[in-house]
Amino acid sequence: MLSKTLAVAVLCLTVLGLQAGSPERSVIQILTFSQQPQFDSPWRSDNVRRSGGSGFVIKGRKIITNAHVIAWAKQILVRRYQDPRPFQARVAYAGNDCDLAILEVEDPSFFDGLEPLEFGDLPAVRSAVVTCGYPAGGEQISFTRGVVSRIEVQNYAHPGNRFLLAVQTDAAINPGNSGGPVLQDDKVVGVAFQGVPGLENAGFFIPPEVIRHFLKDIEDGKYTGFPEAGINLVPLQNPAYRRFLGLPEDGVGARVDSLRPGGPAEKLLKKDDVVLEIAGYPVGSDGTVLYRDNRVSGSILFQTVQNGETVKLKVWRDRKPIEVEVPVAVYQGDRLAGNQYDVPPRYLIYGGLVFTPLSADYLRTLGRDRPDASSSALFYELYYRRSEDPGGARSEPVVLSTVLAHPANANLRVRGKVLVNRINGVRIDCLEDVAQALGQKKEGAHVIEFAGQDGFECLEREASAQATPQVLETYGISSDRRL
Amino acid sequence: MTRPLLLLLLLIAGLAPVSSAEAVWEKSVVTVEVTFKDYDFFQPWNTPTRSVRKHGLYIGGQEIVTTAQYLPTETLVRLQKGGRGKWYPAKVVWFDPHADLAVITSEDPEFWVGLRPARLAKAIPQAQDFNLIRWKDGNLESRRVEFSKFTVKDGSLSFAPRLTLELNTDLGGLGWAEPVMLNGTVAGLTTSKGGNTCNVVPAPFIRQILEARAKGRYPGMGYFDFVWEPGENPTTLEHLGLKGPGRGAIVIRVPNRPGVDPVLKPRDLLLEVDGFPIDVAGDYLDPQYGHLLLENLSSRGHLAGDMVRMKVLRDGMETNISYVLPKAEYHDDLVPRELFDHPPEYVVAGGLVFQALDQPFLRGWGEDWRRRAPFRLQHYQNGSPTAERPSLVLLSNVLPDPVNVGYQEARFLVVDRINGRRISTLADVVEALKDPKDGVHRVEFMKGDTLQSLLLDAASMDQATQRVIRRYGLPAAQRITEPAAKTKTQGTMG
C-alpha cells in the first residue's frame, strides 16, 4: 500500500526532477528596440528597430546573452518561459569583442522560481548538443538537436576583427537563437551566436572557455576584454628553414614572423624566434596546439588569461630553448577598424564642416564593399597604415564626412569623404586636434589639407565661426560636438 | 520626276547600306585583322593569342592608319579592302600606344590597286553631325552620328590626355577605329564607346602626330606630370595672394623625378599656360574647340620635350616659368599601366613565381578587376616611383614542390629584399639569388600584417627549379627582357 506521505514524496521528486531536467524554464526571450547612429551624420540615428534574441539565467540573478542581441538598445524587454509579462532589463556588461553581455532585470521578482543554469566543459567533437531559444518563425521556445562538428578559432562577426575559439554544430542556429544556451546533459556548453552565410547546417556557439573568461573579467565590476600578445606566429614547415634555425623536423614549433609595434611581446621576442610551447602546450609546426583533443590555433592560449597577466613561452632562440614570460594586454589600436557599439560616434561641426573619426562603420556608409578610387586612401589609412607605417599612423584618423551647405562654405570644392591631414599646419591625429587647430587660429583663413591627392581648402575664419550656430539651427543639431 | 517617285528614291537611298555620296569611302576604308598576344598574367609563360578586326584608313604613301589598340603585341596583321575577299599580309611599320595610333603597310602591290587616300580634316567645326563609316557583313555602312562635345580625356592606352571628340549614338559595336566623316574629310577614328558616348581621336590630332613622324621628329606624347585642382574657392585664391577676380588652377602635387629639378611647386597658382589664361575650373578657351581642360595644352601643338610657357602666382608674385613636357612613359608610374615594350616577365626560383607588379597583372582578375583584385596590390597604384624603388616585384604564386613546402599559400606579396638586396625589378631578383647567405635564400616582403619572410635552401634551389620547370611545363625558368630592348613604348616594327 502506498501511503499518502510516500505519494507526496514521489511527486516532489518528480517536480524536482522536472526542474533539474527542464532548463527551458531558465531560457529567456529578449526583445530589443535599438537605434543605430549614422556614422556619416553622427548626430543622427536610424529608425528604431525591433529584434529578438535569447538569453538564460545565470548565477547572481542575471541573464547572459549575446552582445549583438542588445547592441545600441534603447529598450530591452525580457520574458520568461510561458509567461506573457514583459520585464524591463538593462545592460550590466557588454563584451563586444566576445559577443557576450550580461543583463539585469529591474524587477527582482523576475527571477523568482528560476534556477540559474550551470556551465559544463567544452563538448567533444561528435557529441550531441541541443540549442534552445526563441528563433524567428514562432513565439514559443524552440529546441534543435545536433552534434558538435568541429572546434576552431573563428572570426567573431559582431566585433568583425576578433578571432576567438568557437564551436561549430549542425543544430540549427537561426536569428533569434542568438544568446540562447547550447545544452549537453542539462549543462550549458555554449552560447549560440552566429552562422556563416553560404554554409548549410552550420551554426556556431561560444564555448565555455570564452564565457568563463568573460564572467571572470567582469568580477572586478568592469569589462576589459580579451588580451593578446601581439605576436604574428606563422607555420614553420619548410625543412630548410627548420635546419637553418637548428630545429629537427619533428613537427614542433612555429615561427615568430613579426611582432606588433608597441605590443606586449615586442621587446621580449625576436623575429625568427620559434615558439615551442605556450602555457605548457606544445606548439605544432603549423602554429596549433592540442587543446582538449582539438588542434586549434595557439593564439587561444593568450586568451585564457586576463588582461595584464602573463603567459609562459618556451622559445627556441640561437639554437637553444629559453623560457620567456610574456604579458598580455587588450589591444585597442584597431578598435576603429572593427564594428563599434554603444558609444555614439564622436564628431565636431565647424562652419558646416562635419569632422568625425574614420572607422569601419563610417566606411560602410559609403555604400561599397570594396574601395573605389575616391575611398582608397581611407581604406588604406584604416586597415593598413598601422601595420605598414606605424610611425605615420594616427591614433584616430579624422575624415571630413560631409559639408552642411551654408553660404560660409558654399565655395568649398571638397564636399566630404576625405581624410584630413592638417588644419592650419597642425597634424590631425584625433578629433581633439581639429578643435584645437581651428580654435587657435586668430587671423587669416583656415587652411584644411587633405590626405592623398585631395589638396587643400581655405575657409573664411570669421564667417565660418559665425555660421556654426546657424548651421546647427538649420539642420536641427543639438550640439556642435560630441568629443 | 513625280513627287512619289522622288520619295521612293529617297527612301531607297536611306535604306541602302551606303549612299552614293559615301560610296567613295569604299576605296579608303579597309579592314584590319590583328592576331595578338593576349597574355595570361597569372601564368606569364603562357602566350595565348586572340584575333580582332578593326578598321584602317588609307592615307597615301602605301600606309594605313588605325588606332594602336591590339597592335603592340601583334603576331599577324592582315588587310582586306572592299569589305570582302582576299586578305593581304601586312605589317606594322609604326605605332605609339600613348597616341593610340599605328601605321600599317602591305608589301603586296595588288592591295594598293584601286585604293584612294582619304583626307584628314585640319580642323573640325563644333556642333555638326557626322557620318560614321564601317564595314559590316561585307557592305559599307554609313550612319549619322550626333555631335556631343569636344573634351579632353586620357588615351585608350595611355594616361596622357588629349583632345577627344565625343559623339552620341545608339549604334553598338563601335570603337574599332571606324572613321568618322564630315564634309568629304575624315574627322577622326573611334577609340571606344561607353553608353551612348562614342569617343573619337580627332583628325587634327592624328595629323599632328603623323606629320611629326613623317619628318622623323616624333619624340612621343608629352603630358603635364603635376596634379592640380580647380581654383574655385575664392578664399583659397585670396590665401594664395591673388588680387582681383578669381582665376587659375592650383598645383597640389609635383612629382619628385630623379635627376629633374621641378619648375613648379605645390601651391603655385597656374594663371596662364602656353599663352592661354586659365580659369578657376582649370579650363582655357580654345579658339577652335571652346572651353577645354588645361591638360589639352600639353598636346595642342606640342610633343614630348617641348617647352611650354606658364605664368604662375607663387608666394603672391606672378612668375614666368618654362616647363619642359616630359615624355609619357608607362614606367613613370610605380605600377605601370601597360607593358607593350616587352612580354610579361617572370622569374621562377624553387617554385616561387616572381613577377613585376603592373596593371596588366591586376587586370588578370577580369573585367571586374578593380573590385576583385587584392586591394593592397591595387593601392600601390597610388604610390610614386622613387630612385630607391622605381618599380615593384611581387611573389605572385608558388608552384608546389618539396623545396617550398610550407609556402604553398604565399602569394600576392610585394617583395622588399632578397638576401638583403633591395628588389625593384626581376633583374634584381636574379642578381640577389646569386648571393645566398649561410646556405639559404631569404625573401623578405613589405612590412605589414601579411607574411614577412620566407627562406629556401640554396643548395637545392637550382635542382628544384629544373624540377618545377619539367613538372609544370614551363618553357624556361625566367623571361626578362634586356633593359635596352624596352626603351621605347612607340616602336618601329617589321
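**View 1. Chain B and its buried share.** Of the 494 residues in chain B, 40% count as buried (buried means that 20 or more other C-beta atoms lie within 10 Å of a residue's own, exposed means 12 or fewer, and partly exposed is in between, with C-beta atoms placed from the backbone). Please keep in mind that this is a predicted model, where local features need pLDDT of at least 70 and side-chain atom pairs count only at pLDDT 80 or more, while totals for chains, interfaces and linings use all residues. Residues are numbered from 1 along each chain as its sequence is written, and chains are lettered from A and ligands numbered from 1 in the order in which they are written. Chain B has nine helices and 28 strands (DSSP runs numbered from the N terminus: H or I of at least four residues for helices, E of at least two for strands). Its C-alpha atoms fill a box of roughly 95 × 65 × 40 Å along the principal axes. Among chain B contacts between residues at least 6 apart in sequence, 60% join residues at least 24 apart (a contact means C-beta atoms, placed from the backbone, within 7 Å).

View 2. Chain A is divided into domain 1 (23-111), domain 2 (128-220), domain 3 (231-327) and domain 4 (345-482), with bounds from an automatic or database domain assignment. Taken over C-alpha atoms, the centres of domains 2 and 3 of chain A are separated by 29 Å. Here, 10 residues of domain 2 are in contact with eight residues of domain 3. On the domain 2 side, β8 (142-156), β9 (162-169) and α2 (208-217) of chain A each give two or more residues. Which element gives the most to this side? Look for α2(A), with four residues. By class, the domain 2 side divides into five nonpolar, one polar and four charged residues (Ala, Val, Leu, Ile, Met, Phe, Trp, Tyr, Cys and Pro count as nonpolar, Asp, Glu, Lys and Arg as charged, and the others, Gly among them, as polar).

**View 3. Chain A meets chain B.** The contact takes 29 residues from chain A and 30 residues from chain B. Elements of chain A that give two or more residues to it include α3 (239-244), β14 (254-259) and α5 (376-383). The most come from α3(A), with four residues. The chain A side has 15 nonpolar, eight polar and six charged residues.

**View 4. Pro469(A) in its helix.** You can find Pro469(A) in helix α8 (residues 461-475) of chain A. Is Pro469(A) buried or exposed? Pro469(A) is exposed because 10 other C-beta atoms lie within 10 Å. The C-alpha atoms of Pro469(A) and Gly351(A) are separated by 8.3 Å, although these residues are 118 apart along the chain.

Note on methods:
Contact = placed C-beta atoms within 7 Å.
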